[in-house]
Amino acid sequence: MTLETKKSVFVALGKFLSQFSENNSTKKPDVLHNDLFFDAFEELIALSQSHNGWYTPEQVYFSIQSWATALTEDHLNEWLSNYELSENSNKNVALILAGNIPLVGFHDFLSVLITGHNVKIKTSSNDQHLLPFLAKYIVAVAPEFSDKITFVEGKLENFDAVIATGSNNTARYFEYYFKNKPSIIRKSRNSVVVLDGNETTEQLTALGEDIFRYFGLGCRNVSKLFVPKGYTFDAFFEAIFVYQDVIHYQKYANNYDYNKAVFLMSNFKLLDNGFLTLKEDSSHASPISSVFYETYDTIAELENRLEREKDNLQCIVSNKLIANSIDFGQTQHPKLWDYADNVDTISFLLTI
């Protein structure tokens, strides 16, 4: 299968996904295989929350629309233009996927297939349905893919390389278990924001998207604020008030009540607006419904620290205070070339 053919298949998938939105899913006449897949995908989206309580329709539709935006001919061409892709790649690549947010493993799935390899997938128990459905759609568009995609329920066997995503604890297990295979082992990472007090209301409101999208479960969610000494959080709390409805979701509310109680019983000083707590803490990884914060003296000192800690960070958000930082509200809109853990998946797959 040529590269152009493979790209055209994923463009077709992007067009299929573009039909689905929370407020108005619309079947388009020029989309392939809608008669077989459109209604079935709507039903699957409706059932997603029963499969995983965090996969609310809003979050699932957001993920779908994000991939619909990414899977265009222009984006695929821009992403792949810097690589020399062989037509003869045919290794077996195992994927061990996370399930913290909907379709979190899709980029690895796409990367393996676009480089010509075969993919063996072990899904997370938290996300067992969305990717297999999209794989069926891809095979309907291009039956040649049927022999290149395998979902594995038991032990992974007969593979040449592996990409595994998990916690820091599981990463140690992966590193030992796959020590004789070419691998990418992804660990826990977090995203942070650097504020200086000059942010606009619009920027702080957009920061709320970086915090609350997917209920804060993704590595691209902001879980830590760096603020100058003497910073007051009034403007921040006012700007994010539009996200107050998150507390009406029971799983989030349960985490809010539990984590707040744990903090208070430990006599930690908290800032609280009724749906988010702020706690001063040197760690980057805050629990659901809470964001940690820490003060800094100078931007230069903070930038040096963040450089030292880069292996623990996925995204840094700021108003151009930190080099290569991301704009407010953009952490959940990665481009195809924004690789998890900053490890170039395509380059890895081209060397196995």
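I am working on a predicted model here.

**Entry: H7.** I looked up where helix H7 (residues 168-177) sits, and found it across S1, S4 and S5. Its direction makes about 165 degrees with that of S5.

**Entry: the sheet.** Next I traced the strands. I found an open sheet of 5 strands in the order S3-S2-S1-S4-S5, with parallel pairing. Strand S3 (149-151) and strand S5 (183-186) are the edges, each pairing on one side only. From one strand to the next I got an average twist of 15 degrees. Helix H5 packs on this sheet too, touching S1, strand S2 (118-122), S3, S4 and S5, and its direction is at about 160 degrees to that of S2.

**Entry: S1 and S4.** How many bridges join strand S1 to strand S4? I found 4 between S1 (residues 92-96) and S4 (residues 161-165). One pair I checked by name: Val 93 has Ala 161 as its bridge partner in S4.

**Entry: Asp 108.** Back in H5 (residues 106-114), I picked out Asp 108. Is Asp 108 buried or exposed? I call Asp 108 buried because its relative accessibility is 5%, and the cut-off is under 20%. Leaving out residues up to four places away in sequence, its contacts are Leu 95, Ile 163, Thr 165, Arg 186 and Thr 345.

**Entry: H3.** The 14 residues of helix H3 (residues 57-70) should span 20 Å at 1.5 Å a residue, and the end C-alpha atoms are 20 Å apart, so the two agree. Among its buried residues I listed Tyr 61, Phe 62 and Trp 67. The buried residues of H3 pack against several helices, including H1 (3-17), H5 and H8 (201-212).

How values were computed:
Residues are numbered from 1 along each chain as its sequence is written. This is a predicted model: local features need pLDDT of at least 70, side-chain atom pairs count only at pLDDT 80 or more; totals for chains, interfaces and linings use all residues. Side-chain values use heavy atoms; hydrogens and water are left out. Helices (H or I, at least four residues) and strands (E, at least two) are DSSP runs, numbered from the N terminus. Buried means under 20% relative accessible area, exposed over 50%, partly exposed in between (1.4 Å probe, protein chains only). Contact means heavy atoms within 4.5 Å. The expected span of a helix is 1.5 Å times one less than its number of residues. Two strands pair if DSSP finds at least two bridges between them. Axes are lines fitted to C-alpha atoms, for helices over the stretch in contact, and angles run from 0 to 180 degrees between N-to-C directions.
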